[in-house]
Amino acid sequence: MSDIVVYSDASGRESRLGAAVVALDDNRQVVESKQFQVGAMDRWSVHVVELIGIFYAISMVFMLAHQGLTNRQKQATILCDSRSALHATQNPRNKSGQRIVHAILQAATEAQAAGIVLRLQWVPGHCDNPGNDAADRLVKDAAYPGKTHPFRPLLSRESARLRGNILDQWEQEWRSSNKGGHLRKIDSTLPANYTRRLYGSLPRNRAYLLTQLRTSHNWLSTYAKTFGFRDNDKCVCGAQETVSHVLVDCPELRGIRRKLRSEVGDAFGSVSSLLGGSTDGKKGKPDTVARARTVQAVLDFAEASQRFWSRAPRGQPNIGNGN
Ligand SMILES: [Zn+2]
């Protein structure tokens, strides 16, 4: 896949708000689409719903980029007809939906670390264009009662704005969505120069794998379910399939885990250490050589586990409500 185009749209109907994202391939065929029921208009603004659409568009880029994983640089363009939402992503301060904006920026940073060139672009609404058309149709059906995303309503929370730390806010969203502070547990110093070096030293496919392990953007059932790409959150062994389950617990991976344990030593005791994280705080002086070795061993294990590849049928557009 050389170029991904994803349309994002928001809509309201009978006091309900919804969002839809639609991805097109080079031949302008719809390759993936999702709808999201966001919530009632008295708790959510259209502006925020547009932002949620953009966030999910980036998630879809991750999924699609991964399906077409090559060493070529991938480009993704996200098209949105809301100038105010696009403006908010460029000016994250003092804007409604700030925490979602920060989630968008964090996801965009991870996309760049994974070798994806991401562009966010305005497109006139209701223009004659297959992607826009499809998004428009889907989004009308998305504005039904219910909530199919992990974000919390933000309107009443703007005054309680956090201290301007991007990651803090990103993590807050995830903690509230029961993916609880995954990244925070992994690395209390993120986003730091150290993380940039960690990614910078890896070939692109390994960097992408590390991104999957360190963020919620991965193919494990728990996250795929949250994002609506899977129906359940179960591992083949029956437990809930999370990053720590795969790394530390899953009995199906006992064989290859033995090698991992012997290579990483004490780091096996904490998922944070396994993923190159630090719990030392900002003043800690981590042993970067040992950490890099540990991360390499974990990436070997993750590759061997085959859990981080798409398990969705390929080439089948997922049109509909995702159920
Ligand atoms: Zn398992």
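This report walks through a sheet and several helix pairs in a predicted model.

## Ground rules

Residue numbers start from 1 along each chain, following its sequence as written. The model is predicted, so to speak of a local feature takes pLDDT of at least 70, side-chain atom pairs count only at pLDDT 80 or more, and totals for chains, interfaces and linings use all residues.

Helices (H or I, at least four residues) and strands (E, at least two) are DSSP runs numbered from the N terminus.

## The sheet

Let's start with the open sheet: 5 strands in the order β3-β2-β1-β4-β5, with mixed pairing. (Strands pair if DSSP finds at least two bridges between them.) β3 (30–40) and β5 (116–122) each have a single partner strand, so they stand at the edges and one side of each lacks a neighbour in the sheet. From one strand to the next, the twist averages 20°; angles here run from 0 to 180 degrees between N-to-C directions, and axes are lines fitted to C-alpha atoms, for helices over the stretch in contact.

Strand β1 (residues 3–13) and strand β4 (residues 74–80) run parallel and are joined by 6 bridges. Within β4, T77 is the residue that V5 stands opposite.

## Helices on the sheet

Helix α1 (residues 46–67) packs on the sheet and touches β1, β2 (16–24), β3, β4 and β5, with its direction at about 150° to that of β1. Contact means that C-beta atoms, placed from the backbone, lie within 7 Å. Helix α2 (residues 83–90) also packs on the sheet, touching β4 and β5; its direction makes about 135° with that of β5.

## α1 with its helix partners

α1 and α2 pack at about 65°, with axes 9 Å apart. They are therefore roughly perpendicular (65 to 115 degrees; under 35 counts as roughly parallel, over 145 as roughly antiparallel and the rest as oblique). H47, E50, L51 and I54 in α1 meet S84, A85, A88 and T89 in α2. That contact splits into 4 nonpolar, 3 polar and 1 charged residues, where Ala, Val, Leu, Ile, Met, Phe, Trp, Tyr, Cys and Pro count as nonpolar, Asp, Glu, Lys and Arg as charged, and the others, Gly among them, as polar.

With helix α3 (residues 98–113), α1 packs at about 15°, the axes again 9 Å apart, so the two are roughly parallel. This crossing is left-handed. On the α1 side the contact includes V48, L51, F55 and F62, and on the α3 side I100, I104 and A111 are among the residues. By class, it has 15 nonpolar, no polar and no charged residues.

## Further along: α11 and α13

Helix α11 (residues 254–264) and helix α13 (residues 288–305) cross at roughly 175°, their axes coming within 9 Å. That makes the pair roughly antiparallel. I256, R257, L260, E263 and V264 in α11 meet T294, A297, V298, F301, A304 and S305 in α13, a contact with 7 nonpolar, 2 polar and 2 charged residues.

Notes
Contact = placed C-beta atoms within 7 Å. Left-handed = near helix turned anticlockwise from the far one by under 90°.
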